[in-house]
Amino acid sequence: MMHLRFNPRSAVRLILAISLAAVLATAQDAYTTKPPSSDGIGKVYMGREIAQVMGHLGASWLERGERAQEEGTELLVKNLPLKPTDAAADIGAGTGYFSFRLAAKVPSGKVYAVDIQQEMLDIIEGRKRTGQVSNVITVLGTESDPKLPENALDLILMVDAYHEFNYPREMGEAMVRALKPGGRIALVEYRSEDDAVPIKRLHKMTEAQAKKEMAALGLTWVETKAELPWQHLMFFQKPSGAAH
Ligand SMILES: C[S@@+](CC[C@H](N)C(=O)[O-])C[C@H]1O[C@@H](n2cnc3c(N)ncnc32)[C@H](O)[C@@H]1O
C-alpha cells in the first residue's frame, strides 16, 4: 500500500489555489453579453447592460452652470455624513466637481479622486494648483481596480459613474476592501423609474437594481434620500465587524 505523506505547506497552497480559482470563476461568471444598445457596451451584469464611459471631451457638461440647480448638488453634498478628519474617495471623479466639494468638508482629512482617464485627472491637478488645495489626491485607476488603500476610507462617493464601470463586480469588491469597517458608500444614480429625468436609458438605474448589486457585495442598505431632483442618493454600509 502506498503511503502518502501529509505536507501542511502543500495543503495550504492547494487550498489557496482552489480559493483563487473560485473567486476568478465567480467574477467571470458574473457577466453575459448581448448585442450592444446605442448607449451600452453589450455586457450585462445582474440583468443590467453596462453603459458606455463618458469621454473626457464631455468634461464641460459636468461643469455646466445650470448643474447645481438641475441636480441639487449642494443638497447632495450637505447630505454626506463626513467629519473634518475623514478620509473619502470620489470614484469616477471626472473633473473633480464633487472631489473639491468633499475636500472642503474634510479640511483635516483627504479625498482620493479616482478616474480611469488621465485627461480628467489633469483637469483636477490644474484645479488643485489654481485653488491651492492640498487634500485632494488624484489616483489613476484601472477599469477593475480603483487603486485605493485597504481599510482606509470612511466614505466612497460615486456620482453618475457606477453604471458605466466595465467591471462592477471587481470594482465593488475593491471598494469594500478600501472601506473601513462601518464605512459607507454613497451611490448617486439618475432615477430610471422616472421618465421625466432627461438622461439616456443606460445612464440611469432603478433603486431596486442598485440595492441588488450592492447586496451582492455584502453591503447593507442604510437609506435612500429622495430629495434630489433627478437622482437617487443611496447609502450602503460595510459591516462593522468586517476587516475586508
Ligand atoms: C459621467 S462622469 C461623472 C463624473 C463626476 N462623478 C461628476 O458627477 O461630475 C463618469 C466618470 O467615471 C469615470 N469612470 C468610468 N469607469 C470608471 C472606473 N472603472 N473607475 C474609475 N472611474 C471610471 C469616467 O472616466 C468619467 O470620468
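Which residue in strand 2 does T33 stand opposite?

## The model and its chain

This is a predicted model, in which local features need pLDDT of at least 70 and side-chain atom pairs count only at pLDDT 80 or more, while totals for chains, interfaces and linings use all residues. Residues are numbered from 1 along each chain as its sequence is written.

The chain holds 8 helices and 11 strands, where helices (H or I, at least four residues) and strands (E, at least two) are DSSP runs numbered from the N terminus. Of its 244 residues, 35% are buried, a term used when 20 or more other C-beta atoms, placed from the backbone, lie within 10 Å of a residue's own.

Three strands form an open sheet in the order 1-2-3, with antiparallel pairing; two strands pair if DSSP finds at least two bridges between them. Strand 1 (31-33) and strand 3 (48-51) stand at the edges with a single partner strand each, so one side of each is left without a neighbour in the sheet. From one strand to the next, the twist averages 40°, an angle taken between N-to-C directions, on a scale from 0 to 180 degrees, of axes fitted to C-alpha atoms.

Strand 1 and strand 2 (residues 40-45) pair in the antiparallel sense over 3 bridges, and the residue that stands opposite T33 is K43.

## The nonpolar core

In soluble globular proteins, nonpolar side chains tend to be buried together. Here the largest nonpolar core has 50 residues, of which A88, A89, I156, L157 and L187 touch the most other members; such a core is a set of buried Ala, Val, Leu, Ile, Met, Phe, Trp, Tyr and Cys residues joined through C-beta atoms within 7 Å. Strand 7 gives the largest share of this core, 6 residues.

Leaving aside neighbours within four places in sequence, I156 is in contact (C-beta atoms, placed from the backbone, within 7 Å) with A89, I91, M175, A178, L179 and I185.

## Helix 5 and the ligand

The ligand is surrounded by 23 residues, and the closest are G92, G94, Y97, V159 and A161; a residue counts here if its C-beta atom, placed from the backbone, lies within 6 Å. Helix 5 (97-105) and strand 5 (110-115) are the elements that give two or more residues to this shell.

Helix 5 also has buried residues, namely Y97, F98, S99, F100, L102 and A103. What covers these buried residues includes helix 2 (59-62), strand 4 (87-91), helix 6 (118-131) and strand 7 (153-159).

Note on methods: Buried ≥ 20, exposed ≤ 12 C-beta atoms within 10 Å, placed from the backbone. Contact = placed C-beta atoms within 7 Å.
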